[in-house]
Amino acid sequence: MTNQIDPGPSTVIEVRDLVTHYGTRQILNGVDVDIVEGEIMVIMGGSGSGKSTFLRHLMALQRPTSGTIKILGQDVWRLPQKKLFELRKKLGVTFQGGALFSSMTVGENIMLPLYEHTKLDRMTMEIMARMKLEVVDLAGFEDLMPSELSGGMIKRAAVARAVIMDPRILFFDEPSAGLDPVVSSQLDDLILRLRDAMGMTICVVTHELESAFKIADRITVLDKGNILFVGTVQELHDHPSERIQNLLNRRSEEAEIDADEYLRRLTGDKEEAEGMPR
Amino acid sequence: MAEGSNQSVAYRFFDKVGRMSTSALEEMGRHGVMITESLYWLIIGPRMNQPVRLGAVFSEMMEIGVRAIGIIGIMAAAIGAMLAIQGIYSLKIFGAEGHVVVGVAFSMVREFAPLITGILVAGRSGSALSARLGTMKINQELDALEVMGINPVRFLVVPSLLASLVMVPVLTFMSMALGLYAAALYVNAALGMSLAAFFDQTVDVLSVDDLTHGLGKAAIFGILIALIGVLNGFLVKGGAEGVGKATTRSVVQCISAIVVTDMLFALVATF
């Protein structure tokens, strides 16, 4: 198994030697990733692994210390501002909390990119917004304010806004965060439906193993700013590395920690806590 | 030991002064960048199919200006009356209370109307701007705008800046009128001077320069309020606590900037 695939004509995101520092702290340490057209790439890792920073780089929201990021063949940090705006119209993002504008209705939120980037009349925009709301099973919710929606609904409305311009690449930041398993599973189904129905390339950052295994075509595992693994779900399961297997088993092991052991770990009783998963 | 301790105190003092100076310079630089970027979007935006939306400007004008008319009107009238009361009380010592109009007119038009309007708009809209942008930042709404290809400065800052630039002088003009009217009512009651005589004297005393002085200051206050409010909102860190701090900081900075600018303006204009 190789950790990378050769960038071909269907590579839509090409990341090379990405390095990021926050002050003296190294966040990403020479990351190389390719994401090919039409796939769902899940980027996984624990807290502090650098996955959120990596996503901000991919979305061209944060300049890395060094390295290149090519999206649809264009080096995002070398593009003039006008071309970067044009490129951003081909990207859709669903943020962790949805990031809907609280002063606008759901419908206005969804129409905003159309209002800003097209010369469509209002009626056409409203029809398009309603269509996208139907895709995310929120038909009839366009006149509500975001504060009147549940967490899962907010995320689905955010998805509708992200796909209103029919982007080629869709990013999801922790789509399952704060959702119960049922709603989380519905959101996973929606992600799969978007890929199948609209042919989008989707990049999902998550730490939820179940969700990742369900939706991923390929998984990138980040650990302390380094890539531990890139490959399919099956390849991840079969990977011989103990570190990766530990990562996969971490959740179930942590679930078995009893209160006394947890307290010993917190109070720094290293000898007693030895052998426990960290 | 004592010497070392003194050095350490001196070192700490100069270190702190240095840091504060650098921070103040950095903040001034940020204001400069924000003004430049706002002008850029105002001028270049339409050519990039990214115009500043007039609807957003009018909406901000409603928020900053129209909705503040009530409180600013009441405050301006109170200050006008207060100036008349104090003026008559002081001038009575010299038996010159008939000249109260001169003091009230100059004070209201050149100083008090712009100052009270600026301070009230700062407390009302500067803090609201910080809170709104700060909340948008922690909710990743600013990031969402960027990713959608909508520049936050064009979309959020320029409308507020334009609205503040227009509405603070308009409110100041209203304050001048209401303050003078309230003063005229008190003078009428206290000295028996008719309203017509009061305003006749006011027009005689004041020049266009006085009006320009007051309104010019108000325009500068308007820019300061929007800039400080917006910048504090953009610089929010952390969660709700960060928003609270930014809001407080914004009000304190706005009022300080307004008072200092007012003093400098008065100094330069009367030199």
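Mentor: Axes here are lines fitted to C-alpha atoms, for helices over the stretch in contact. The model is predicted. In chain B, the axes of helix 2 (residues 54-64) and helix 6 (residues 152-191) come within 8 Å and cross at roughly 50°.

Trainee: Why is helix 2 of chain B called oblique to helix 6 of chain B?

Mentor: Angles under 35 degrees count as roughly parallel, and 65 to 115 as roughly perpendicular. The crossing is at roughly 50°, so helix 2 of chain B is oblique to helix 6 of chain B. The crossing of these two helices is right-handed.

Trainee: Which residues of helix 2 of chain B make the contact?

Mentor: They are B:Ala56, B:Val57, B:Glu60, B:Met61 and B:Ile64. Helix 6 of chain B answers with residues including B:Pro159, B:Leu162 and B:Met167. The residues of this contact divide into nine nonpolar, two polar and one charged.

Trainee: What makes helix 3 of chain B and helix 6 of chain B oblique to each other?

Mentor: Helix 3 (residues 69-91) of chain B packs against helix 6 of chain B at an angle of about 40°, with the axes 7 Å apart. Roughly parallel would need an angle under 35 degrees, and roughly perpendicular 65 to 115. The two helices are therefore oblique. Their crossing is right-handed, and their contact has 21 nonpolar, four polar and no charged residues.

Trainee: How many residues of chain A are in contact with chain B?

Mentor: 16 residues of chain A are in contact with 11 residues of chain B. On the chain A side, the largest share, four residues, comes from helix 3 of chain A. That side has 10 nonpolar, two polar and four charged residues.

Technical notes. Residues are numbered from 1 along each chain as its sequence is written. Chains are lettered from A and ligands numbered from 1 in the order in which they are written. This is a predicted model: local features need pLDDT of at least 70, side-chain atom pairs count only at pLDDT 80 or more; totals for chains, interfaces and linings use all residues. Axes are lines fitted to C-alpha atoms, for helices over the stretch in contact, and angles run from 0 to 180 degrees between N-to-C directions. Angles under 35 degrees count as roughly parallel, over 145 as roughly antiparallel, 65 to 115 as roughly perpendicular and the rest as oblique. A crossing is left-handed if the near helix is turned anticlockwise from the far one by less than a right angle, and right-handed if clockwise. Two residues are in contact if their C-beta atoms, placed from the backbone, lie within 7 Å. Ala, Val, Leu, Ile, Met, Phe, Trp, Tyr, Cys and Pro count as nonpolar, Asp, Glu, Lys and Arg as charged, and the others, Gly among them, as polar.
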